[in-house]
Amino acid sequence: MSIGNNIRSRRQEMLWSQEELGLKVGVTQEMISQIEKGTKLPSLMLGAAIANAFGCSVDDLLKTKKEEHHGET
């Protein structure tokens, strides 16, 4: 799973719109959309801000499904 998919999944779990997440981290809804689609990657600073908004680590956003299930890094 890509970082964009992980962000989308976590955002949906929080019941936030793309616009709401964007407002929380200081970017537009369009930027969140592009990150979730995989057409743009977030900067390290933006990735950290998104992780902070979700209450997780940047590492958590980078993990694949296999790593999540097996605890691998």
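Predicted model: local features only at pLDDT ≥ 70, side-chain atom pairs only at ≥ 80, totals over all residues.
Which residues does Gln 18 touch, not counting residues up to four places away in sequence? They are Arg 11, Gln 29, Ile 32, Ser 33 and Glu 36.

**The chain as a whole**

- From the N terminus on, the order of elements reads α-α-α-α-α-α.
- Of the 73 residues in the chain, 33% are buried.
- The chain's accessible surface is about 4,600 Å², and carbon and sulfur atoms hold 52% of that area.
- If you look at contacts with a separation of 6 or more, 53% of them come from residues 24 or more positions apart.

**Where α2 meets α3**

- The axes of α2 and α3 are 8 Å apart, and the two helices pack at an angle of about 110 degrees.
- Because angles of 65 to 115 degrees count as roughly perpendicular, α2 is described as roughly perpendicular to α3.
- On the α2 side, the residues in this contact are Gln 18, Glu 19, Leu 21, Gly 22 and Val 25.
- On the α3 side, their partners are Gln 29, Ile 32, Ser 33 and Glu 36.
- By type, the residues of the contact of α2 with α3 comprise three nonpolar, four polar and two charged.

**A closer look at Gln 18**

- Gln 18 has a relative accessibility of 18%, so it counts as buried, the cut-off being under 20%.
- The side chain of Gln 18 is joined to the side chain of Gln 29 by a polar contact of 2.6 Å.

**The loop between the two helices**

- Thr 28 sits in the loop that runs between α2 (18-25) and α3 (29-37).
- The side chain of Thr 28 reaches the backbone nitrogen of Met 31, at 3.1 Å.

Notes. Residues numbered from 1 in each chain as written. Heavy atoms only, no water. Helix = DSSP H or I, 4+ residues; strand = E, 2+ residues; numbered from the N terminus. Polar contact = N/O pair within 3.5 Å; in protein donor to acceptor, adjacent residues only side chain to side chain. Axes fitted to C-alpha atoms, helices over the stretch in contact; angles between N-to-C directions. Parallel < 35°, antiparallel > 145°, perpendicular 65-115°, else oblique. Contact = heavy atoms within 4.5 Å. Nonpolar A, V, L, I, M, F, W, Y, C, P; charged D, E, K, R; others polar. Buried < 20%, exposed > 50% of the residue type's maximum accessible area, 1.4 Å probe, protein only. Areas by Shrake-Rupley, 256 points an atom, 1.4 Å probe, with all protein chains shown as cover.
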